[in-house]
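Subject: A structure for you to explore

Hi,

Here is the structure I promised to pass on to you. Please open it beside this email and follow along as you read.

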Amino acid sequence: MGDVLCAWCGALIGQSGVDHSHGICRSCYRELLRIPDLSEEALDGLPFGVIVLARDGTILAYNPAEGALAGREPSAVIGRHFFTEIAPCTSVQEFQGVFREFCERDDASRTFQFTFHFPGGPVQVQIVFLHRGADVAVAIRKRVDPVA
Ligand SMILES: [Zn+2]
């Protein structure tokens, strides 16, 4: 039995073997599920990264927290293609493949871990996909290191 930490906030969820939602605690998950209903202004105020992608990968929104994480100016990336122009490290099955799959399904969310290869070095992140109308909101947070 080991401690299970929330992959989003780092809070102790419980012990392994105990039922939990995607490795994310209930209160974080509830917050994440609100993202599709938030205005772009509200998205900009969130403390973690959010990118809204059209199904073809065009960036529709990119909040300042994601800009800070990736070292990019949101205004410089909106309207460009995420997988080919902005984050080519994501044009792999583990990210773009999951994205395509998610677009075809009705699942409320999809959660997985990924490593971004930023110019400053690799950054391990937790990713949550959510449907936002016909588009997809991608919530991104630096992974909380498990306490040894
Ligand atoms: Zn949490």
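Let's begin with strand S1 (residues 3-5) and strand S2 (residues 12-15), which run antiparallel and are joined by three bridges. Here two strands count as paired if DSSP finds at least two bridges between them. Helices (H or I, at least four residues) and strands (E, at least two) are DSSP runs, numbered from the N terminus. Leu 5 has Leu 12 in S2 as its bridge partner. Six residues lie between the strands of this hairpin, and Gly 10 takes a positive phi near 90° there.

Before you go further, a word on how to read all this. This is a predicted model, in which local features need pLDDT of at least 70 and side-chain atom pairs count only at pLDDT 80 or more, while totals for chains, interfaces and linings use all residues. Residues are numbered from 1 along each chain as its sequence is written, and side-chain values use heavy atoms, with hydrogens and water left out.

Now the overall picture. The protein has six helices and seven strands, and along the sequence they follow the pattern β-β-α-α-β-β-α-α-α-α-β-β-β. A compact globule of 148 residues would have a radius of gyration near 15 Å, and the protein agrees because its own value is 15 Å. That radius is taken over C-alpha atoms, and the globule rule is 2.2 Å times the number of residues to the power 0.38. Along the principal axes, the C-alpha atoms fill a box of roughly 45 × 35 × 30 Å.

Next, find strand S3 (residues 49-53) and strand S4 (residues 59-62), which pair in the antiparallel sense over three bridges. Val 52 has Ala 61 in S4 as its bridge partner. S3 is also joined to S7 by five bridges, again antiparallel, with Ala 139 in S7 as the bridge partner of Val 50. S7 in turn pairs with S6 in the antiparallel sense, over eight bridges. In that pairing, Asp 135 in S7 is the bridge partner of Arg 132. S6 and S7 form a hairpin with two residues between them, and Gly 133 in the turn has a positive phi of about 60°.

Which residues of helix H6 (residues 93-103) are buried? They are Phe 95, Gln 96, Gly 97, Val 98, Phe 99, Phe 102 and Cys 103. The buried residues of H6 pack against S3, helix H5 (82-86), strand S5 (109-118), strand S6 (121-132) and strand S7 (135-142). For contacts like these, heavy atoms must lie within 4.5 Å.

One more residue to look up is Gly 57, in the loop between S3 and S4. Is Gly 57 buried or exposed? Gly 57 is buried, with a relative accessible area of 0%. Leaving out residues up to four places away in sequence, Gly 57 touches Arg 80, His 81, Phe 82 and Phe 83. Gly 57 also takes a positive phi near 95° in the hairpin of S3 and S4, which has five residues between the strands.

Best wishes

Definitions and conventions
Buried means under 20% relative accessible area, exposed over 50%, partly exposed in between (1.4 Å probe, protein chains only).
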